[in-house]
Amino acid sequence: MIAACAALMSLTMSAQQNTHAVKANPLGFFVGQYQFGYEHALNDNFSVQLSAGFIGGTSEGTVTVDSVQVSSETYKKTGFIAIPEVRWYPGGSACEGFYIAALGRFRSATTVNETDDVILERSANGGAVVLGYQKANDGYMVDFFIGPQYKSVSSSGTLEEASSLFTSDNPMGVRLGVNIGFGW
């Protein structure tokens with residue numbers, strides 16, 4: 001009788017839907033962007049998520065004055081990122097499965113040189129619509145997403161950052177990523 005009750009409880013618990021998830025963006029760690037998120041189901045079809053984090057790290061850069069390269073030096077970047085998001089799960093299982101999301105993105109970073117002089121201030125604010133899929137397995141979550149994004153970038157300073165996938169000033173782009181974490 002006890003074994004039957006334990007088996008029934010384990011079946012019931014594994015069938016429960018996750019309504020909360022805590023996640024991290026492992027790809028951001030490689031570029032000095034340490035971001036964590038919390039997702040909460042509002043009902044069977046909708047959830048909200050807030051991702052936030054800080055930017056940090058050191059790199060090499062070229063300082064220019066009047067379009068002439070002056071020097072190459074080590075610099076330190078600090079800042080923050082915040083991404084509020086609303087997700088719609090058409091399959092009726094919020095926090096799990098296929099979803100469509102609308103989100104805002106607010107990012108600001110300040111770069112200083114070795115003598116702590118500000119050499120670049122950069123902010124990028126915008127929004128995106130993404131398609132994603134979130135898979136839950138024994139409490140662990142994997143979240144993949146892709147979609148078009150628009151951003152407005154403003155920057156000032158003497159440091160010319162090399163344009164890359166993560167620092168492009170192009171207002172139109174692709175938001176692509178993966179988050180990993182756990183749900184309950």
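Student: Which residue in S7 is the bridge partner of Arg122?
Tutor: This is a predicted model, in which local features need pLDDT of at least 70 and side-chain atom pairs count only at pLDDT 80 or more, whereas totals for chains, interfaces and linings use all residues. Residues are numbered from 1 along each chain as its sequence is written, and side-chain values use heavy atoms, with hydrogens and water left out. Strands S6 (residues 118-137) and S7 (residues 140-157) pair in the antiparallel sense over 16 bridges, where strands are DSSP runs of E, at least two residues, numbered from the N terminus, and pairing requires at least two DSSP bridges. Within this pairing, the partner of Arg122 in S7 is Ser155.

Student: Which residue in the hairpin of S6 and S7 takes a positive phi?
Tutor: The hairpin of S6 and S7 has 2 residues between the strands. A positive phi near 55° is taken there by Asp138.

Student: Which residue in S9 stands opposite Pro148?
Tutor: S7 also runs antiparallel to strand S9 (residues 172-183), to which 11 bridges join it. Opposite Pro148, the residue in S9 is Val174.

Student: Which strand gives the most to the nonpolar patch?
Tutor: The patch covers about 870 Å² of surface, with Phe46, Trp88, Ile100 and Leu131 among its residues. Strands S3 (46-65), S4 (68-88), S5 (97-112) and S6 each supply at least two residues. With 3 residues, the strand giving the most is S6.

Student: What is the relative accessibility of Phe46?
Tutor: Phe46 is found in strand S3 and belongs to the nonpolar patch. Phe46 counts as partly exposed, a class lying between buried (under 20% relative accessible area) and exposed (over 50%), with a 1.4 Å probe and protein chains only, because its relative accessibility is 36%.

Conventions:
Helix = DSSP H or I, 4+ residues; strand = E, 2+ residues; numbered from the N terminus. Patch = residues over 30% accessible without salt bridge, like charges linked within 9 Å, V, L, I, M, F, W, Y side chains within 5 Å. Areas by Shrake-Rupley, 256 points an atom, 1.4 Å probe, with all protein chains shown as cover. Salt bridge = Lys/Arg side-chain N within 4 Å of Asp/Glu carboxyl O.
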